[in-house]
Amino acid sequence: MNSSSDQDPQDSAPELKFGAVFGEASPLKKTGRQTTPAVMGADAQSTAARRAAAIELVQEKAALGEQGFEMVQSEQSITYSRVGLDGGSLRRLSNGHMRPTLTLDLHGYRVETARDSVWNAVKHGQAEGDRCLLIIHGKAGAGYRDENGELRGAGQALIKSHVNHWLQQLDAVLAFTSALPQDGGTGALYVLLKKVQKRG
């Protein structure tokens, strides 16, 4: 048998009506903003695909890192090709037989700005169907000021060395080689891009 002291105090409380406690309730007025549940239609799928592609591009751009970076000499000639590229294509590129349809001049650029510009030029060139780019990186630079204000890299081919390093990390690049004297010589590169398969 339960004594009155064992009972839950809430059990003995009188039942309260909502209106008595909170007063009269009235519906909120419409503000004009309407929400509708997301529907994965063609537009939503297209937006999701574009968002995923944009994230992938940002990740690829961010992947242009410094690991394995090496300085190259100001007057050094550079040649690089992916495994499997035929020798004929590399010879045509280095002999200037593949004429550039897009030129990027990096004179006066800081390293970070140059990195973004190289990445954008390669992506834009490939999207437009360009096969050969000319990247003018220059030779020895004036250097840069570090966080302490000290001059670093003066007289070194800083941008040239970075461009050499970055291009090797981009899947869109099949090969690159120092340009002929009339196109900048060892201060510029011819860059061969992969063909993009047309959807259709």
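The following legends describe close-up views of a predicted model.

**Figure 1. Confidence across the predicted model.** The protein has a mean pLDDT of 78, and 60% of its residues reach 70 or more. Over residues 53-59 the pLDDT falls below 50, and this stretch has two contacts in the model beyond near neighbours in sequence.

**Figure 2. Helix H6 and its buried residues.** Helix H6 covers residues 158-167. Because 10 of its 10 residues are buried, H6 is largely enclosed by the rest of the structure. Its buried residues include Leu158, Ile159, Val163, Trp166 and Leu167. The list also includes Lys160, Ser161, His162 and His165.

**Figure 3. Asn164 within helix H6.** Asn164 is found in helix H6 and has a relative accessible area of 12%. This value lies under 20%, the limit for a buried residue, and Asn164 therefore counts as buried. Leaving out residues up to four places away in sequence, Asn164 touches Val72, Ile78 and Phe176. One of these partners, Phe176, belongs to strand S6 and is itself buried, with a relative accessible area of 0%.

**Figure 4. The stacked rings of Tyr80 and Phe176.** One aromatic pair is found in a search of the whole structure. The ring centres of Tyr80 and Phe176 are 5.1 Å apart and the ring planes meet at 25°, so the pair is stacked. The pair links distant parts of the chain, with Tyr80 in strand S1 and Phe176 in strand S6, 96 residues apart. Tyr80 counts as buried at 18% relative accessibility, and Phe176 is buried at 0%.

**Figure 5. Helix H4 and its packing partners.** Helix H4 spans residues 87-94. Gly88, Ser89, Leu90 and Leu93 are the buried residues of this helix. These buried residues pack against strands S1, S3, S6 and S7. Just after H4, Gly96 adopts a positive phi of about 80°.

**Figure 6. Gln76 in the loop between H3 and S1.** Gln76 is found in the loop between helix H3 and strand S1. With a relative accessible area of 34%, Gln76 is partly exposed. Neighbours within four places in sequence aside, Gln76 is in contact with Lys160, Ser178 and Thr186. Ser178 lies 102 residues from Gln76 along the chain, yet the C-alpha atoms of the two residues are separated by 8.7 Å. A polar atom of the Gln76 side chain also lies 3.0 Å from the backbone nitrogen of Gln73.

**Figure 7. The salt bridge between Glu75 and Lys139.** Side chains of opposite charge can pair when their charged atoms come close. The structure holds four salt bridges. In the one between Glu75 and Lys139, the closest N and O atoms are 3.3 Å apart. This pair links distant parts of the chain, 64 residues apart. Glu75 lies in the loop between helix H3 and strand S1, and Lys139 in the loop between strands S3 and S4. Glu75 is exposed, with a relative accessible area of 54%, whereas Lys139 counts as partly exposed at 34% relative accessibility.

**Figure 8. The salt bridge between Asp183 and Arg99.** The closest N and O atoms of Asp183 and Arg99 are 3.0 Å apart, and the two residues form a salt bridge. The pair joins distant parts of the chain, 84 residues apart: Asp183 is in the loop between strands S6 and S7, and Arg99 in the loop between helix H4 and strand S2. Asp183 is buried, with a relative accessible area of 15%, whereas Arg99 counts as partly exposed at 44% relative accessibility.

**Figure 9. A salt-bridge network around Arg115.** Arg115 forms a salt bridge with Asp116, the closest N and O atoms being 3.8 Å apart. Salt bridges that share partners join Glu112, Arg115 and Asp116 into one network. Asp116 has a relative accessibility of 26% and counts as partly exposed.

Notes: Residues are numbered from 1 along each chain as its sequence is written. Side-chain values use heavy atoms; hydrogens and water are left out. Helices (H or I, at least four residues) and strands (E, at least two) are DSSP runs, numbered from the N terminus. Buried means under 20% relative accessible area, exposed over 50%, partly exposed in between (1.4 Å probe, protein chains only). Contact means heavy atoms within 4.5 Å. A salt bridge is a side-chain nitrogen of Lys or Arg within 4 Å of a carboxyl oxygen of Asp or Glu. A polar contact is a pair of N or O atoms within 3.5 Å; within protein, one must be able to donate a hydrogen and the other to accept it, and residues adjacent in sequence count only if both atoms are side-chain atoms. Rings of Phe, Tyr and Trp (its six-membered ring) pair if their centres lie within 6.5 Å; planes under 30 degrees apart count as stacked, over 60 as edge-to-face and the rest as tilted. pLDDT is the predictor's confidence in each residue, from 0 to 100.
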